[in-house]
Amino acid sequence: MPDRTPDDLPEKDAPTGQEDPTEQAGPTEQDDPVEETIRVEGIGDAGVSLPKFNLFATSPAFTALADVLRDRLRVELPGNLVPKPDTSGWLTTTTVFGDLRATLDRLFDQLRGYLPPNWPSGIDRHMVATIVQNEGLPLVWVPRREIVEELFAATDRNARIGVLLSHRGEVVEDCREVLADVSHPRLINQLPLIGRAVDASEDGHHEAAQALAVVVTETVVARAIPGKYKAVKDRVVFNPNGMTVGEVRLRAALAPIGMFYTAWFPSSGDPAPTKLSRHVTVHQADTNYYTAENAVVAVLLAASVIRAAQEIYEDGITV
């Protein structure tokens, strides 16, 4: 087990992930137009900052550009765009803007590669924050896109857990597929152990799956993100309004670690957590806590985190 702060000291002040209260929701009829900037890193051999486009401008060119952003980048954009004229033929019949659209198509195809491959189109980044950070459920690389869509359609965490359990066979397949892409030498000794946790889940041994997946995830996180628990929790906060496109995938993959590092002590008098916690799994073994629900989350988290660690090592990222 990696060297950490003593588990007999409770942690406080976990990150809340709250949004900046000064952020503006968008312009009203009296407001000046708001500029939305999209920053992109890692295009080709150098980082690129896209120019500021006024998404609320009345120009058909900006309206058409907003369409391309929505269609090709597949991220949420402000919903209160001005009504636009019909430009369906305008972009294709005008040579200049036809070339512009082709260029943007290529650019945003490249940008799309920075987002998780299992995310559906038009994903709501604030809902992502709710699921990965507040609920501690993995969304990056696993599970498959169709299951992610069901998770977003579910009403709350309990309903989302029900979705995962109803697709446990597909979850096992998805984890194995992602683990097949992990090959970095610094992960090679944990990879077989996560594979055995997946096998245990498939065979219905959720207690074994949960225990093994949790301790391996702890090892992978401790080596990829050095520091004490509180520091690590602070560094994996997912801020939906404060990151570049190139940061979204890794940040969303690591965000469930915050809840994973929730501590609990019987002497506190507080009810024991029911959601997956490294501390409770390791130090408070109990049949009421080693459940199919926690096991499926543990296995998904292990697969997602080890895949994120590979990206950290390959790209030399400091979290």
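Me: How many aromatic pairs does the structure hold?
Reply: There are two aromatic pairs in this predicted model. In one of them, the ring centres of tyrosine 229 and tyrosine 261 are 4.6 Å apart and the planes stand at 80 degrees, over the 60 degrees that the label requires, so the pair is edge-to-face.

Me: Where do those two tyrosines sit in the chain?
Reply: Tyrosine 229 belongs to helix α10, while tyrosine 261 lies in the loop between α12 and α13, so that the pair links distant parts of the chain, 32 residues apart.

Me: And what about the pair with phenylalanine 260, how is that one arranged?
Reply: Phenylalanine 260 and tyrosine 261 form a tilted pair, with 5.6 Å from centre to centre and 35 degrees between the planes. Tyr229, Phe260 and Tyr261 together make one aromatic cluster.

Me: Is phenylalanine 260 buried or exposed?
Reply: Phenylalanine 260 counts as buried, because its relative accessibility of 2% is under the 20% cut-off.

Me: Changing topic, which residues does the cis peptide bond join?
Reply: The cis bond joins valine 142 and proline 143, with omega at about -5 degrees, and proline 143 lies in the loop between α4 and α5. Tryptophan 141 is also placed in the loop between α4 and α5, and its phi is positive, near 75 degrees.

Me: Last one, how many residues of α14 are buried?
Reply: In α14, 21 of the 24 residues are buried, which leaves the helix mostly covered. Glycine 316, whose phi is positive and near 65 degrees, follows α14.

Methods: Residues are numbered from 1 along each chain as its sequence is written. This is a predicted model: local features need pLDDT of at least 70, side-chain atom pairs count only at pLDDT 80 or more; totals for chains, interfaces and linings use all residues. Side-chain values use heavy atoms; hydrogens and water are left out. Buried means under 20% relative accessible area, exposed over 50%, partly exposed in between (1.4 Å probe, protein chains only). Helices (H or I, at least four residues) and strands (E, at least two) are DSSP runs, numbered from the N terminus. Rings of Phe, Tyr and Trp (its six-membered ring) pair if their centres lie within 6.5 Å; planes under 30 degrees apart count as stacked, over 60 as edge-to-face and the rest as tilted.
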